[in-house]
Amino acid sequence: MTDSFLHQKRIFFDRWANFYDFLLTTVIYQAIHRRLLSYVTLPPQAQVLDLGCGTGRLLNRLGEQYPDFLGIGLDLSAEMIKQARRSNTHHPQLIFLRGEATALPFGNGQFDAVFNTISFLHYPNPQRVLTEIRRVLQPEGYFYLVDYTVAQSGQFSISPGGLRLYSPQKREEMGQGVGLSCQGHHYLFGRVLLTLFKAI
């Protein structure tokens with residue numbers, strides 16, 4: 001990602017952060033999270049990464065369901081991370097850090113599961129992001145990709161840098177290219193699709 005692009009995205013989400021949990025999106029995300037969690041199975045004492053964690057709501061919900069897991073939330077926006085730390089109800093079980101999706105500050109095979117919820121559409125270089133996700137996943141670890149889908153992949157000029165939406169087939173192809181095997185697709189809310197990958 002270029003510095004200019006990252007700067008624009010960071011400003012966009014920094015401005016949104018203070019209102020993020022009071023908007024209609026919060027109601028929608030609650031419904032998405034509830035349905036997503038019905039497909040999630042974590043091993044005991046799992047280490048989990050929420051990439052593009054926003055204000056940390058998903059990790060807090062996971063903390064209620066899995067009291068022995070360690071969760072790390074990573075987001076480009078410093079303001080989102082500030083809000084996530086304020087609403088962290090499971091410290092020190094949950095940790096929130098600022099960072100970039102194309103250069104994850106974690107070791108190879110560190111995580112049992114990686115989540116990415118309504119964030120993948122913002123990445124201008126999705127293949128690099130997927131490569132990093134595969135790198136930090138343990139063999140046979142799971143990647144939960146949750147985002148809007150379309151019949152034909154395309155780019156839409158809505159937020160800075162545009163949004164990129166992918167068909168289920170395109171998701172499978174991109175995952176397969178980095179060693180992530182698609183385990184299935186599940187619609188969670190309208191056009192919001194969970195694609196479940198397994199590291200091979």
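**Figure 1. The whole chain, before we zoom in.**
How many helices and strands are there in the protein chain? There are 6 helices and 9 strands, and keep in mind that this is a predicted model. Of the 200 residues in the chain, 52% are buried. The chain exposes about 9300 Å², and carbon and sulfur atoms supply 53% of that area. Now take the contacts between residues at least 6 apart in sequence: 67% of them join residues at least 24 apart.

**Figure 2. Inside the largest nonpolar core.**
This core has 31 residues, and those touching the most other members are Leu36, Val40, Leu42, Val48, Leu62, Phe69 and Phe115. Several elements each supply at least two residues of the core, including the helices α2 (24–37) and α3 (57–65) and the strands β4 (111–117) and β5 (137–148). The largest share comes from α2, with 4 residues. Let's pick out Leu36: leaving aside its neighbours within four places in sequence, Leu36 is in contact with Leu58, Phe115, Thr117, Tyr144, Val146, Leu188 and Leu194. Another core, of 24 residues, lies apart from the largest one, and Ile72, Val136, Leu137 and Phe143 are among its members.

**Figure 3**
Side chains of opposite charge can pair when their charged atoms come close. Here the side chains of Glu79 and Lys82 meet in a salt bridge, at 3.3 Å from N to O. Both residues lie in helix α4, 3 residues apart, which is about one turn of the helix. Are Glu79 and Lys82 buried or partly exposed? Glu79 has a relative accessible area of 23% and so is partly exposed. Lys82 is partly exposed too, with a relative accessible area of 36%.

Arg135 and Glu132 are separated by about one helical turn because they sit 3 residues apart in helix α5 (residues 126–136). Why does Glu132 count as buried? Its relative accessible area is 12%, and buried means under 20%. Arg135, at 27% relative accessibility, counts as partly exposed.

**Figure 3. Aromatic rings up close.**
A pair of aromatic rings is described by the distance of the centres and the angle of the planes. The count here comes to 6 aromatic pairs. One of them is Phe120 with Tyr123, an edge-to-face pair with 5.7 Å from centre to centre and 85° between the planes. Both Phe120 and Tyr123 are buried. Then there are Tyr142 and Tyr144: their ring centres are 6.4 Å apart and their planes are at 40°, so this pair is tilted. Tyr142 counts as partly exposed at 26% relative accessibility, whereas Tyr144 counts as buried at 2%.

**Figure 4. His90 in its loop.**
His90 lies in the loop between α4 (78–86) and β3 (94–98). With a relative accessible area of 16%, His90 is buried. Which side chain makes a polar contact with the side chain of His90? That partner is Thr89, at 3.4 Å. Leaving aside its neighbours within four places in sequence, His90 is also in contact with Asn60, Gly63 and Glu64.

Methods: Residues are numbered from 1 along each chain as its sequence is written. This is a predicted model: local features need pLDDT of at least 70, side-chain atom pairs count only at pLDDT 80 or more; totals for chains, interfaces and linings use all residues. Side-chain values use heavy atoms; hydrogens and water are left out. Buried means under 20% relative accessible area, exposed over 50%, partly exposed in between (1.4 Å probe, protein chains only). A polar contact is a pair of N or O atoms within 3.5 Å; within protein, one must be able to donate a hydrogen and the other to accept it, and residues adjacent in sequence count only if both atoms are side-chain atoms. Contact means heavy atoms within 4.5 Å. Accessible areas come from the Shrake-Rupley method with a 1.4 Å probe; for residues, only the protein chains shown count as cover. A nonpolar core is a set of buried Ala, Val, Leu, Ile, Met, Phe, Trp, Tyr and Cys residues joined through side-chain atoms within 4.5 Å. A salt bridge is a side-chain nitrogen of Lys or Arg within 4 Å of a carboxyl oxygen of Asp or Glu. Rings of Phe, Tyr and Trp (its six-membered ring) pair if their centres lie within 6.5 Å; planes under 30 degrees apart count as stacked, over 60 as edge-to-face and the rest as tilted.
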